[in-house]
Amino acid sequence: MTTENIKRILKLKAEIETLSKEAGFVTKNLTGEGAEHLVINLFNESSDLPNLKLADTNQKGFDAISTEGERVQIKATRSNNTGDFKGMGKEQKFDSLVIVKLNEDLTVNKMIKLDWITFLKFKKIRKSEPTTWIISITQELIKESQILN
């Protein structure tokens, strides 16, 4: 890698950090936080979905809450597996999950909404960490879920 390419990458990173702060992002996880804002905007612009707002940043287990009190967890992924759901057990941590399936260029492929029961049906438990779960995006999961976009 050339020195010029490195300088260009660092300059772009600084510009992205400035833009994300101006947009109100509070974390360094731009993909995840961007997906949260996309989901919230979709809900708030749709007459068929309840309005959402971001949950407090210190809230564990869900990212947004609806005007009806529905706790919504939001996960973004470019693969067919979500990131980890840590600390899972007997307690229901959220009411629904929205998976934002991204293309390689980070454009939205689809948004998939699951209720808690569907989440439990499709969860996979990490063998090394029984309280850490993931969801695999399969055709069966898609058939039993709501596609939002």
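Predicted model: local features only at pLDDT ≥ 70, side-chain atom pairs only at ≥ 80, totals over all residues.
Q: Where do Glu15 and Lys11 lie?
A: Helices (H or I, at least four residues) and strands (E, at least two) are DSSP runs, numbered from the N terminus. Both residues belong to helix α1 (residues 3-22). They are four residues apart, about one turn of the helix.

Q: Is Lys11 buried or exposed?
A: Buried means under 20% relative accessible area, exposed means over 50%, and partly exposed lies in between (1.4 Å probe, protein chains only). Lys11 counts as exposed because its relative accessibility is 56%. Glu15 has 39%, so Glu15 is partly exposed.

Q: Which parts of the chain does the salt bridge of Glu104 and Arg78 link?
A: These two side chains meet at 3.9 Å, N to O. The pair links distant parts of the chain, 26 residues apart. Glu104 is in the loop between β4 (96-102) and β5 (108-115). Arg78 is in the loop between β3 (71-77) and β4. Glu104 is exposed because its relative accessibility is 62%. Arg78, at 42%, is partly exposed.

Q: What is the N to O distance for Glu144 and Lys121?
A: That salt bridge spans 2.7 Å. Lys121 is exposed at 52%. Glu144 is partly exposed at 38%.

Q: How many aromatic pairs does the structure hold?
A: A pair of aromatic rings is described by the distance of the centres and the angle of the planes. Rings of Phe, Tyr and Trp (its six-membered ring) pair if their centres lie within 6.5 Å; planes under 30 degrees apart are stacked, over 60 edge-to-face, and the rest tilted. The structure holds six such pairs. Among them is the pair of Phe94 and Trp116, which is edge-to-face, with 5.0 Å between centres and 80 degrees between planes. Phe94 lies in the loop between β3 and β4, and Trp116 in helix α3, 22 residues apart. Both Phe94 and Trp116 are buried.

Q: What is the angle between the planes of Phe94 and Phe119?
A: The angle is 70 degrees, so the pair is edge-to-face by the cut-off above. The centres are 5.0 Å apart. Phe119 belongs to helix α3, 25 residues from Phe94. Phe94 counts as buried because its relative accessible area is 1%. Phe119 is buried too, at 0%.

Q: Which residues do ring pairs link into a cluster?
A: The cluster is made of Phe85, Phe94, Trp116, Phe119 and Trp133.

Q: Where does the charged end of Lys75 sit?
A: A charge sits over a ring if NZ of Lys or CZ of Arg is within 6 Å of the ring centre and within 35 degrees of the ring normal. The charged end of Lys75 sits over the ring of Phe85, 4.8 Å from its centre. The charged end of Lys123 sits over the ring of Trp133, at 4.9 Å.

Q: Which residues of the largest nonpolar core touch the most other members?
A: In soluble globular proteins, nonpolar side chains tend to be buried together. A nonpolar core is a set of buried Ala, Val, Leu, Ile, Met, Phe, Trp, Tyr and Cys residues joined through side-chain atoms within 4.5 Å. The largest core has 17 residues, and Phe85, Phe94, Leu97, Ile99, Phe119 and Ile135 touch the most other members. At least two residues each come from β4, β5, α3, β7 (129-135) and α4. Helix α3 gives the most, with three residues.

Key. Residues numbered from 1 in each chain as written. Heavy atoms only, no water. Salt bridge = Lys/Arg side-chain N within 4 Å of Asp/Glu carboxyl O.
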